[in-house]
Amino acid sequence: MSLIKGTHHVALKCGSNQEFAETVTFYTEILDLTVVRLWGEGPDAGIMLSTGNSILEIFASGKESGETGAIHHFALATDDVDACIAAVREAGYTITEESHDIEIPSVPGLPARIAFCIGPVGEVIEFFDEK
């Protein structure tokens, strides 16, 4: 029996209050994530957003982000990859990989529709629709 049940959250640390505001706007207004909780003000502010089956946590550190490691990317589950990419493009963010269908050559195979973009603080976001 696995000790891990799933992804609880992914955390982003912003380098300034302006980055924090832009990042919150990106996830709440462009991708329509729901606020679960928020706390603090200024550089002590933080927010948790529901992605449906996990949490995206964003910190407004108000200072340069520390070198604590790297996230290659994180995938957000969706039923409409194309709509996500359209919303991101319309908002002026960079699309690094257009929507397309794939099949991960696993056993069993995993067909999906995917696309990638760059978020407000340089995070790589994959939109993932498991078929």
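1. In this predicted model, Phe59 is partly exposed, with a relative accessible area of 30%, a value that falls between the 20% below which a residue counts as buried and the 50% above which it counts as exposed. Trp39 is also partly exposed, and its relative accessible area is 29%.

2. These two residues form an aromatic pair, with 6.2 Å from centre to centre and 65 degrees between the planes, and the pair is edge-to-face. Because Trp39 lies in strand β2 (residues 34-39) and Phe59 in strand β4, the pair ties together parts of the sequence that are 20 residues apart.

3. A search of the whole structure finds 3 aromatic pairs, and another of them joins Phe26 to Tyr93, whose ring centres are 4.6 Å apart and whose planes stand at 70 degrees, so this pair is edge-to-face. Phe26 belongs to helix α1 (residues 17-30), while Tyr93 sits in the loop between α2 (81-90) and β6 (95-104), so that the pair links distant parts of the chain, 67 residues apart.

4. What classes of residue make up the lining of the second largest pocket? By class, there are 7 nonpolar and 4 polar residues, and no charged ones.

Technical notes:
Residues numbered from 1 in each chain as written. Predicted model: local features only at pLDDT ≥ 70, side-chain atom pairs only at ≥ 80, totals over all residues. Heavy atoms only, no water. Nonpolar A, V, L, I, M, F, W, Y, C, P; charged D, E, K, R; others polar. Phe/Tyr/Trp six-rings, centres within 6.5 Å; stacked < 30°, edge-to-face > 60°. Helix = DSSP H or I, 4+ residues; strand = E, 2+ residues; numbered from the N terminus. Buried < 20%, exposed > 50% of the residue type's maximum accessible area, 1.4 Å probe, protein only.
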